[in-house]
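Please look over the structure below before reading the report. The text that follows it is meant to be read beside the 3D view.

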Amino acid sequence: MRITTIAISLLVLLSGCGVKSVQQPAPVEAEIVRQAEWDVEFRDVFFLNPKHGWVIGEEGTILYTEDGGKNWKTQNSNTKSRLNKMQFIDEKRGWIVGNEGTFLRTKNSGKKWKKQVVRDGSMSLISLHFLDEQRGWITGEGGALYYTADGGESWDFRPSGVGEALLDIHFVSENEGWLIAQLGTTLHTTDGGKTWDYKSVGPQDGLLNIQFDSDQKTGWAVGLAATVLSTTDSGKTWTRGEPDIADSHAIYDLCFTDTKQGWLVAQVGGVLHTQDGGKTWAVQQTGTRSDLMAVHSPDAKHVWAVGSYGTMLHSTDGGKTWTIDSESNAEPLAGVEMADGGRGWAVGRRGGIFRTQNEGRDWEQQDSGLSVGLNKVTAVDEEQAWIIGDSGYILHTEDGETWQVQKGNDWVGLHDVQFLNSERGWSVGDMGGIFYTNNGGENWIEQRGYIFELLKGLCFISPNEGWAIGWPGKILRTIDAGKTWQPQESGTFNELYSVYFVDAEIGWISGQYGLILHTNNGGETWETQYTRTQANLNKIFFASPTVGVAVGDEGTLLLTQDAGKTWTREDSGTDKNLKDISVTEDKIFAVGENGIAVAYTIPSIAKYTPRKRFFEETEVALPKTDAGWDLLRNDGPFRIVGAAAGIKSADISFINAIEGWAVGNSSTMLRTLDGGNTWKSLESPVDSPLIAVHFVSSEIGWLLTQDATFLSTTDSGTTWQILNETVKPVINAYDDHRPIEEPCELYTAHFQGFGEGWAAGKEGVVLHNKDGNTIWRHQENETSASYRDIQMVEEHYGWAVGSWGKVLWTNDQGETWHLQTTNTGYDLYGVSFLNRIEGWTVGRDGIVLRTSDGGLAWSAVNTGISTHLYDVSFINKMEGWIVGEGGLILHTKDRGATWEIEESGTNEDLYHIDYVEGFGIVVLGGHGTILKRKLDTES
């Protein structure tokens with residue numbers, strides 16, 4: 001690995017009486033600790049024998065070896081155009097074609113290349129084939145085809161008959177040849193290329209290359225979608241092979257040494273070998289995930305392959321083992337993290353993970369198992385770290401060496417990650433996605449529903465307070481550990497890339513076109529700072545409230561020592577785009593384009609000890625109920641009074657303090673005639689889970705099931721009649737793009753008056769029944785979320801809550817439903833409104849939201865609980881209860897300002913809570929658990 005050190009000094013000249021020039025300490029020292037050996041993509045490789053070979057690629061690169069690749073020399077191509085294809089006829093004579101009409105030829109092994117421009121120079125030349133030292137063809141864009149009979153001194157245009165680019169050409173003999181054009185077109189000639197006819201070569205799979213053996217009968221073609229074709233009758237018929245490679249991968253090149261033995265190279269480091277002419281293919285392990293663009297073998301043992309990011313590899317045993325001669329260290333790096341002891345990681349846009357244990361002087365590639373782009377890495381120590389990337393992937397290591405996938409394979413790309421300790425972390429990404437874990441990444445939950453925005457950076461200053469930023473000019477703030485996120489006004493539509501706060505008030509954001517925003521009040525207002533650059537600023541960091549650094553595209557390195565009032569551009573030692581930085585006690589490490597890694601020593605930064613934002617938190621313990629419950633101490637404020645198996649989706653209906661019914665899943669139905677002290681099990685009239693029960697007298701009542709069956713009774717539930725057997729509501733769905741009707745799946749219902757009810761459930765279903773009779777009508781709303789609870793108050797007003805933090809509101813009995821903003825993506829399970837103003841909703845992972853304006857604004861309430869909360873009920877503005885997972889019951893007497901845990905006497909999940917006047921509080925839970933509590937006023 002080459003290491004370049006660049007010392008940058010600022011010489012301040014002082015003039016005046018007796019004052020000599022004084023050299024101040026260098027503001028920046030830059031040491032390039034990692035850079036690509038070959039900072040280009042290689043496009044082709046050609047070896048005449050195991051010793052002599054050439055490699056060509058971007059920026060006019062030509063490399064030559066005469067010792068089998070132990071040493072490479074650069075040959076002067078006299079061009080910066082990309083070089084695409086080459087051929088040597090012997091050790092002296094060779095030809096190359098490239099972009100911008102570039103044609104090169106040599107007669108002395110490349111010591112001197114003579115450059116010619118074919119046609120007008122605007123056309124890219126793609127392929128070539130020479131039969132001998134005089135006769136040859138070249139192809140290019142727009143169906144361009146040229147022939148030479150004098151070794152390339154002059155060229156004659158030959159019509160190909162097509163207008164698309166010609167990707168490859170191969171002549172079997174002086175007269176017979178093949179052309180591969182874009183869009184799967186194959187052309188064949190038998191008169192030396194004077195005329196060409198269309199020739200079918202299997203399916204139209206976008207062929208890229210074709211080759212025939214010297215027997216003129218055996219041939220092969222490869223292309224997109226893992227296509228491999230072979231022929232043994234001069235192309236009259238073709239057989240499709242089945243290589244063990246992903247169908248989505250392109251096979252870029254092939255090379256056969258005889259009719260039996262050959263190699264293919266493909267995307268993501270794919271190399272396949274055949275020993276039976278292509279009937280079967282075996283994958284060969286190369287150790288690289290770079291796309292391989294070309295392969296060549298001068299004999300059965302020596303094989304060379306080249307590709308993206310300067311990748312060059314070879315085998316001396318027919319591909320059984322491969323040696324990477326130039327590491328693919330030109331892979332763009334997007335993230336870096338340095339832990340203690342000089343140990344750290346960098347991650348790349350081709351799935352690369354690179355580990356250093358000596359402050360970046362040496363890098364060892366680790367296996368990610370992925371080919372997707374990796375964007376950021378964060379660590380809590382030298383062994384435990386996380387990586388996030390495209391397609392939602394999150395990787396984790398506990399030993400610093402091996403990585404496991406924690407999350408991934410979805411369409412939400414992730415762009416930033418931060419952990420506060422070994423358990424608690426966040427990641428942000430596409431579609432406004434914010435993901436949270438409190439168990440080290442074993443489980444990741446969505447904190448926001450997907451919306452049309454892009455989040456690129458985040459910064460938590462404490463376990464509860466943090467910011468997320470992105471596009472378009474998006475700034476979000478949370479003060480409750482991400483349960484809710486409130487937008488802040490940025491004043492810009494630019495893309496924002498990085499955010500950093502030194503405390504709860506003072507912070508900066510960097511972004512597109514040199515933008516830096518600054519706040520002194522926690523983000524209530526943001527001001528633009530002048531940077532004098534148009535380069536995108538990808539990362540920003542402040543060591544103190546006044547001293548900071550930002551890096552960006554084109555090697556931009558900005559410093560400030562006055563809180564950003566002035567930013568000074570320093571020499572970064574590179575012109576590559578810098579994407580990320582990691583700060584240690586004495587250095588700043590930056591990584592970026594083409595695999596560059598630079599270590600900076602900046603005295604003004606180094607004098608501050610970097611803040612490691614790790615918080616070892618202890619679980620918040622809520623107070624238990626105190627001596628104020630003396631009258632009920634013997635059995636606790638709640639006591640178990642029923643345990644019929646199966647209640648989960650639950651509801652309860654009391655007509656007075658004595659008589660009531662309870663229903664739940666597994667078709668459970670119970671009745672009490674003594675205020676809940678004893679319960680009698682009734683036979684359910686249906687098999688579907690029961691989600692709602694409503695009685696208006698001892699005799700008259702209704703049931704609603706999960707599959708939208710509606711039943712009524714006039715004899716206290718002894719017999720039931722199905723009201724809507726022939727007119728059950730359905731939802732419209734599609735099967736193979738054909739409309740079909742599917743039954744509704746309901747989760748919750750609310751009744752009032754004589755049988756009038758509302759029900760809600762899966763895929764945004766909201767139904768209304770006006771009179772307790774047959775018809776349930778759909779009520780339209782704005783989402784397809786699944787709704788878990790619904791409540792109506794004051795006849796006309798109602799709310800439904802459900803997945804992704806969705807809340808629906810109506811003020812016309814549900815004729816129209818409108819979406820309210822909660823700023824959370826947590827699933828909501830229960831809702832309770834006292835009137836049309838005061839309301840509460842609870843849900844997943846301890847989310848509690850409150851509104852005092854009818855839901856126009858919802859604010860999060862911190863109870864200190866992170867388990868699932870399933871239902872909530874308030875009996876007045878001051879006093880309420882919440883029930884949830886594991887027998888949890890929370891109680892407040894001060895409008896939710898403080899909460900106490902009340903011992904429930906059970907570990908069963910509690911799903912439903914309700915207040916019955918004259919009776920008290922009743923709770924339904926798992927395995928038929930029923931709890932009741934007499935209130936002080938009803939004792």
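This report goes through the overall build, the pockets, a cavity, the aromatic pairs and some backbone details.

## Basis of the report

This is a predicted model, in which local features need pLDDT of at least 70 and side-chain atom pairs count only at pLDDT 80 or more, while totals for chains, interfaces and linings use all residues. Residues are numbered from 1 along each chain as its sequence is written, and side-chain values use heavy atoms, with hydrogens and water left out.

## Overall build

The protein has one helix and 89 strands. Both kinds of element are DSSP runs numbered from the N terminus, with helices being H or I of at least four residues and strands being E of at least two. Along the principal axes, the C-alpha atoms fill a box of roughly 110 × 95 × 45 Å.

Of the 939 residues in the protein, 60% are buried. Buried means under 20% relative accessible area, exposed means over 50%, and partly exposed lies in between, using a 1.4 Å probe and protein chains only. The protein exposes about 38600 Å², and carbon and sulfur atoms supply 46% of this area. Accessible areas come from the Shrake-Rupley method with a 1.4 Å probe, and for residues only the protein chains shown count as cover. Among contacts between residues at least 6 apart in sequence, 42% join residues at least 24 apart; a contact means heavy atoms within 4.5 Å.

Pockets and cavities are found on a 1 Å grid over the protein atoms alone: a cavity is a set of points where a 1.4 Å probe fits but cannot get out, and a pocket is an open set with protein on both sides within 12 Å along at least five of seven lines. Lining residues have an atom within 4 Å of a point. Grid points are joined across faces, edges and corners, and a volume is the space filled by probe spheres set on the points.

The largest pocket has a volume of about 1400 Å³. Its lining holds 43 residues, and D651, D789, D871, H912 and D914 lie nearest the centre. At least two lining residues come from each of β61 (651-654), β65 (690-695), β71 (746-752), β75 (787-793), β79 (828-833), β83 (869-874) and β87 (910-916). By class, the lining of the largest pocket has 25 nonpolar, twelve polar and six charged residues. Here Ala, Val, Leu, Ile, Met, Phe, Trp, Tyr, Cys and Pro count as nonpolar, Asp, Glu, Lys and Arg as charged, and the others, Gly among them, as polar.

The second largest pocket contains about 900 Å³ of space. It is lined by 35 residues, with F46, H129, H170, Q211 and H296 nearest its centre. Strands that each give at least two residues to this lining include β5 (42-47), β13 (125-130) and β25 (251-256). The lining of the second largest pocket divides into 20 nonpolar, ten polar and five charged residues.

## A cavity

The structure holds three cavities of 30 Å³ or more. The second largest cavity has a volume of about 50 Å³. Twelve residues line this cavity, and D586, K587, I588, I605 and A606 lie nearest its centre. Eight of the lining residues are nonpolar, one is polar and three are charged.

## Aromatic pairs

Rings of Phe, Tyr and Trp (its six-membered ring) pair if their centres lie within 6.5 Å; planes under 30 degrees apart count as stacked, over 60 as edge-to-face and the rest as tilted. By this rule there are 44 aromatic pairs. F103 and W155 are edge-to-face because their planes are at 80 degrees, with ring centres 5.0 Å apart. The two residues are 52 residues apart in the chain: F103 is in strand β11 (residues 102-106), and W155 is in the loop between β15 (145-148) and β16 (156-157). F103 counts as buried at 0% relative accessibility, and W155 counts as buried at 15%.

F256 and W281 form another edge-to-face pair, at 6.1 Å centre to centre and 85 degrees between the planes. F256 and W281 are both buried. Ring pairs also link F46, W54, Y64, F88 and W113 into a cluster.

## Backbone details

W471 and P472 are joined by a cis peptide bond, with omega about -5 degrees. P472 is in the loop between β46 (466-471) and β47 (474-478).

S234 is not a glycine, yet has a positive phi of about 65 degrees. S234 sits in the loop between β23 (227-231) and β24 (239-240). S391, also not a glycine, has a positive phi of about 55 degrees. S391 lies in the loop between β38 (385-389) and β39 (394-397) and is partly exposed, with a relative accessible area of 28%.
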